[in-house]
Amino acid sequence: MAPKPDSAEGIVLNFVNEQNRPLNSQVVADFLQKFNLKKTAIQKALDSLAESGKITFKEYGKQKIYLARQDQFQIPNTEELNQMKDENAKFQEMVDEQKKANSLLEGEIKSLQSNLTLDEIQSNDAKLRNQVKEMEIRLTKLREGVTLVSPEERNAVEKTFSDTISHWRKRKRMFKDVWDTITENSPKNPNEMKEELGLEYDEDIGVSLQTYINLVPHGKKRPRA
């Protein structure tokens, strides 16, 4: 008598037949956790099915391996196997074609997603038009000779720049005086000491104080250090 499909034996029998491969009780229990069956109930069901001849088993030491009865499955002959292979090859071609079609669709979707929406285009267009207007107004003022920077602002910037150059020059002179004193009384070569201490001169990083001094407006330059 066949076990009820919703009973523990019915669930285990159906699983073993579907898998149609060697199984132990632990593997069956792991797969059938969704049915809330405990391992003891599954072990009991496996033993009962094996004892009634509904499944087969082999013992390997203390472990039992269970397998579906093979006589319940229809074994195809050579002609049927060849036909199945041909059908499988056709199905595989269909799968490959579908994958290509899916890939093309995904590419189109990504392309569409990367494009701007109409609202975004209109918003960007409005921003660009405003920027163009602002630039045209600025250009018109420049062509008319209108001073866009007040004399006060210009003098403040020039003073800050000149003061900064002055500080730079003083610090450069102070460093030179200290460095000359140290290197004169040291047995080491100045270049070697410089490398050991990780020092860098302005020139080492492509910077020249004189270049910036030359930018100071005429009549405001101070004597060279």
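1. A quick definition to start: a residue is called buried under 20% relative accessible area, exposed over 50%, and partly exposed in between. Keep in mind that this is a predicted model.

2. Take Lys64 with that in hand: its relative accessible area is 29%, so Lys64 is partly exposed. Its side chain meets that of Asp47 in a salt bridge, 3.7 Å from N to O. Lys64 sits in strand E2 (residues 63-68) and Asp47 in helix H3 (residues 39-51), so the pair ties together parts that are 17 residues apart in sequence. Asp47, at 28%, is partly exposed too.

3. That is one of ten salt bridges in the whole structure. Another one joins Arg154 and Glu158 at 3.1 Å, N to O. Both belong to helix H6 (residues 151-184) and are four residues apart, about one turn of the helix. Arg154 is exposed at 53%, while Glu158 is buried at 15%.

4. Shared partners bring Asp202 into one network with Lys172 and Glu203.

5. Now look at the largest pocket, with about 280 Å³ of space. Lys172, Asp202 and Glu203 are among its lining residues, as are Trp168 and Trp179. The lining counts seven charged, five nonpolar and no polar residues.

6. Finally, helix H5 (residues 118-143) spans 37 Å between its first and last C-alpha, close to the 38 Å expected. Gly145 follows H5, with a positive phi near 80°.

Key
Residues are numbered from 1 along each chain as its sequence is written. This is a predicted model: local features need pLDDT of at least 70, side-chain atom pairs count only at pLDDT 80 or more; totals for chains, interfaces and linings use all residues. Side-chain values use heavy atoms; hydrogens and water are left out. On a 1 Å grid over the protein atoms alone, a cavity is a set of points where a 1.4 Å probe fits but cannot get out, and a pocket is an open set with protein on both sides within 12 Å along at least five of seven lines; lining residues have an atom within 4 Å of a point. Grid points are joined across faces, edges and corners, and a volume is the space filled by probe spheres set on the points. Ala, Val, Leu, Ile, Met, Phe, Trp, Tyr, Cys and Pro count as nonpolar, Asp, Glu, Lys and Arg as charged, and the others, Gly among them, as polar. Helices (H or I, at least four residues) and strands (E, at least two) are DSSP runs, numbered from the N terminus. The expected span of a helix is 1.5 Å times one less than its number of residues. A salt bridge is a side-chain nitrogen of Lys or Arg within 4 Å of a carboxyl oxygen of Asp or Glu. Buried means under 20% relative accessible area, exposed over 50%, partly exposed in between (1.4 Å probe, protein chains only).
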